[in-house]
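Dear colleague,

I am passing on to you the structure discussed for handover. Please look through it first; my notes on what was found follow below.

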Amino acid sequence: MSTTVSTCPACFTPITDKSWILFSKAKYHKECFTCHKCHRMIGAHESLKHNGGLRTCVDCAKKEDPTVGEAKTCQGCGEAIDKAWVIGLGSTWHSNCFKCTECSRVIDPKEKFFKVEVDGKNVPKCSDCKVTKGVAGLDVKEKVCAGCEKDIDSAWVVALNKHWHHDCFKCSHCSRKIDSKEKFLTNLGNPICMGCNNDHFRSKCTVCGKPIAGTSLVYKESCFHHACVNCYVCDKAFEVGDHDNIRVVNGKDFKHADCKK
């Protein structure tokens, strides 16, 4: 029986190890779950600051905000914040509580949104609701999902200039739901998750079998990472930009043009 293999959102490669870290509904390789400032690995149960998808260890966070680690209260639900949070409208929020007051879509603090007052409290309103309300008197409910083509009556995702139900915005290859903050690509105008792009739509190195990003060595029908191919004379790996200095000998061996043998 086949099992679904999760893709690490940090390196976009499959997680085949038995040990991993679950954070914000996503699985990470342990070595990929690091602080974006000092690049130190963060333990599974270690306190950290989460802002706009960036993970910061407490030591680095304290350098910017000495109050980090002190008790915080979510501006949205009013409950205590014990681990990850976002900062928006000058207040702290649980990541899932910082959402549009109109459509309840979770808002990334880095995206454009508007401040509105509801019951005497400042809350965010996403730019999509702000714009839709002002166009020809349209109501936010007058939307059709690009995935199932049914009406959208509550929360939605805006991507590829279209509206989608959260559950309908999925990879067109493996059908895995794509999170609104997750990086994705497109194929023929349809969303493709990074895992499927690496596995099915990107050339793979003939030596290591891993996807190739950027430039590569190409010979006949084979592709290679520069670092995976060594000069058979000096045994040094080729570097990006070495194309004019590479020769093929005996139809299979690579060498630097200035290496003699």
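Which residues do ring pairs link into a cluster? They are W93, F98 and F113. Please note that this is a predicted model, in which local features need pLDDT of at least 70 and side-chain atom pairs count only at pLDDT 80 or more, while totals for chains, interfaces and linings use all residues. Residues are numbered from 1 along each chain as its sequence is written, and side-chain values use heavy atoms, with hydrogens and water left out.

Aromatic rings

The structure holds 6 aromatic pairs. Rings of Phe, Tyr and Trp (its six-membered ring) pair if their centres lie within 6.5 Å; planes under 30 degrees apart count as stacked, over 60 as edge-to-face and the rest as tilted. One of these pairs is formed by Y28 and F33, which is edge-to-face because the ring centres are 5.2 Å apart and the planes stand at 65 degrees. Y28 is buried at a relative accessible area of 9%, and F33 is likewise buried, at 2% (buried means under 20% relative accessible area, exposed over 50%, partly exposed in between, with a 1.4 Å probe and protein chains only).

F169 and F184 also make an edge-to-face pair, since their ring centres lie 5.2 Å apart and their planes are at 80 degrees. This pair links distant parts of the chain: F169 is in the loop between β14 (162–164) and β15 (184–187), and F184, 15 residues apart from it, is in strand β15. Strands (E, at least two residues) are DSSP runs, numbered from the N terminus. F169 is buried, with a relative accessible area of 1%, whereas F184 counts as partly exposed at 23%.

A charge over a ring

The charged end of K27 sits over the ring of W20, 4.1 Å from the ring centre. The criterion is that NZ of Lys or CZ of Arg is within 6 Å of the ring centre and within 35 degrees of the ring normal.

Strands

Strand β9 (residues 113–118) and strand β10 (residues 121–126) run antiparallel and are joined by 6 bridges; two strands pair if DSSP finds at least two bridges between them. Within this pairing, K115 stands opposite P124 in β10. The hairpin of β9 and β10 has 2 residues between the strands, and D119 takes a positive phi near 55 degrees there.

Finally, Y219 lies in strand β17 (residues 217–219) and is partly exposed, at 24% relative accessibility. Its C-alpha atom is separated by 9.8 Å from that of F254, 35 residues apart along the chain.

With kind regards

Definitions and conventions. Helix = DSSP H or I, 4+ residues; strand = E, 2+ residues; numbered from the N terminus.
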